[in-house]
Amino acid sequence: MRHLLLATVLLAAHGTMAQRNLEVGLATGTVLYYGDLGNHHGAVQWNSARPGISVTVRDFINNPKRYVTRSLTAEARFSWLRAGYDERAPIAGMAPADMRNLGRGLGFRNDLLGLSGHLVLNAYREPYRPLFQQRFFMYFHIGVGVYHGRPKADLFRGDAHPGSRYHFWPDGTTRDAPAGTPGARPIERDGTYETDLYAWHTEGAGDPENGHARRGPSPFHLAIPAGTGVRYMLTRAISLGLEYQYVMFMNDRIDDVSDRYATHAEIEAAFPNDPVRQAMARYISDPTGQGTDGTRGAGTSRRGNPGLLDTLGFLSVEVSYKFKRRPG
């Protein structure tokens with residue numbers, strides 16, 4: 001009986017220490033932005049494409065029965081997703097008059113760093129047959145993640161001060177003097193996103209008559225990532241995948257466009273006794289000068305849609321490798 005008990009313990013220990021896989025995948029692809037900004041008459045703003053990278057660790061949860069493959073598993077993912085859009089950027093084949101938000105002229109870039117955990121469903125028909133023999137299979141995932149990012153804008157040439165601001169003309173050009181100035185020259189924007197939009201009270205809140213300014217939003221954003229893809233096992237350890245992930249944020253602050261323009265009273269309350277910063281804040285909130293007259297009204301207050309939450313799409317190609325390991 002003692003020998004039988006000892007054999008049972010040794011067998012259990014061997015099963016616990018048996019090798020199993022830890023898979024690491026590296027993906028790169030294109031990020032598409034869906035939010036309040038856009039010049040295309042549709043949900044997809046094709047000129048919002050920006051790069052993205054992710055690193056995924058999967059199949060790390062305990063597998064006491066040592067299944068070759070499992071239909072339900074988990075993964076953790078670290079992502080860098082660059083979201084962005086510029087309503088002043090020209091669109092090939094589209095005249096300035098056809099760009100619906102050219103007069104609003106808002107723009108941003110937000111480099112989001114995210115950490116998310118996903119529950120994964122591997123869709124294959126033979127659960128006891130190794131994946132490298134099945135070759136192709138589909139999968140679906142859904143999870144929760146936290147992303148950090150502050151939207152920035154390219155609104156100045158060099159250092160940020162009133163003398164280096166851009167002047168956006170109604171004809172779609174960017175010039176070195178206000179609209180209508182004789183001899184104003186077209187200029188190129190320098191492409192440097194120097195302006196932290198969260199620091200300038202670009203949108204209003206509270207009672208504008210009493211000068212209540214909006215508090216700066218948090219750079220942390222909660223989101224629900226969900227995706228689907230297909231993977232092909234090149235060998236027992238190496239696979240190639242194609243995935244589309246949809247990241248649904250729980251707020252409307254990724255692009256700093258959500259509600260209404262800040263009134264001049266709110267800006268004065270945010271930067272008291274500082275006319276230079278007040279002038280900069282009015283420009284940063286309304287770069288073209290066509291969005292608001294500084295008061296809250298039906299025709300000049302609307303800047304974004306607070307009921308439209310920001311989302312991102314990430315179409316990526318992944319190469320992954322399975323490492324054999326012993327669980328602790």
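**Group meeting: contacts, strands and rings in a predicted model**

The side chain of threonine 202 makes a polar contact with the side chain of aspartate 256, at 2.5 Å. By polar contact I mean a pair of N or O atoms within 3.5 Å; within protein, one must be able to donate a hydrogen and the other to accept it, and residues adjacent in sequence count only if both atoms are side-chain atoms.

Ground rules next. This is a predicted model, where local features need pLDDT of at least 70 and side-chain atom pairs count only at pLDDT 80 or more, while totals for chains, interfaces and linings use all residues. Residues are numbered from 1 along each chain as its sequence is written, and side-chain values use heavy atoms, with hydrogens and water left out.

Back to threonine 202. It is found in the loop between strand 9 (195–196) and strand 10. Strands are DSSP runs of E, at least two residues, and helices are runs of H or I, at least four; numbering goes from the N terminus. Is threonine 202 buried or exposed? Buried, because its relative accessible area is 0%. The cut-offs: buried is under 20% relative accessible area, exposed is over 50%, partly exposed is in between, with a 1.4 Å probe and protein chains only.

Threonine 195 is in strand 9. At 3% relative accessibility, it is buried. Its side chain makes a polar contact with the side chain of glutamate 194, at 2.6 Å. Which residues does threonine 195 touch, leaving aside neighbours within four places in sequence? Pro151, Lys152, Ala153, Leu155, Phe156, Trp200 and Ile284. Contact here means heavy atoms within 4.5 Å. Isoleucine 284 is 89 residues away from threonine 195 in sequence, and 8.3 Å away C-alpha to C-alpha.

Now leucine 72, in strand 3 (residues 72–86). Leucine 72 is partly exposed, at 49%. With neighbours within four places left aside, its contacts are Leu119, Val120 and Leu121. From leucine 72 to valine 120 is 48 residues in sequence but 5.7 Å in space, C-alpha to C-alpha.

Strand pairing. Two strands pair if DSSP finds at least two bridges between them. Strand 5 (residues 136–148) alternates. Phe137, Tyr139, His141, Gly143, Gly145 and Tyr147 point to one face and are buried. Strand 5 pairs with strand 4 (residues 107–123), antiparallel, over eleven bridges. There, glycine 145 is the bridge partner of serine 116. Strand 5 also runs antiparallel to strand 10 (residues 220–233), joined by eleven bridges. Isoleucine 142 stands opposite alanine 226 in strand 10.

Last topic: rings. How many aromatic pairs does a search of the whole structure find? Nine. Rings of Phe, Tyr and Trp (its six-membered ring) pair if their centres lie within 6.5 Å; planes under 30 degrees apart are stacked, over 60 edge-to-face, the rest tilted. Take tyrosine 33 and tyrosine 85: centres 6.4 Å apart, planes at 35 degrees, so tilted. That pair links strand 1 (residues 20–34) to strand 3, with the two tyrosines 52 residues apart. Tyrosine 33 is buried at 1%. Tyrosine 85 is buried at 1% too.

Phenylalanine 136 and tyrosine 232 also form a tilted pair, 4.6 Å centre to centre and 50 degrees between planes. This one links strand 5 and strand 10, 96 residues apart. Phenylalanine 136 is exposed at 56%. Tyrosine 232 is partly exposed at 28%.
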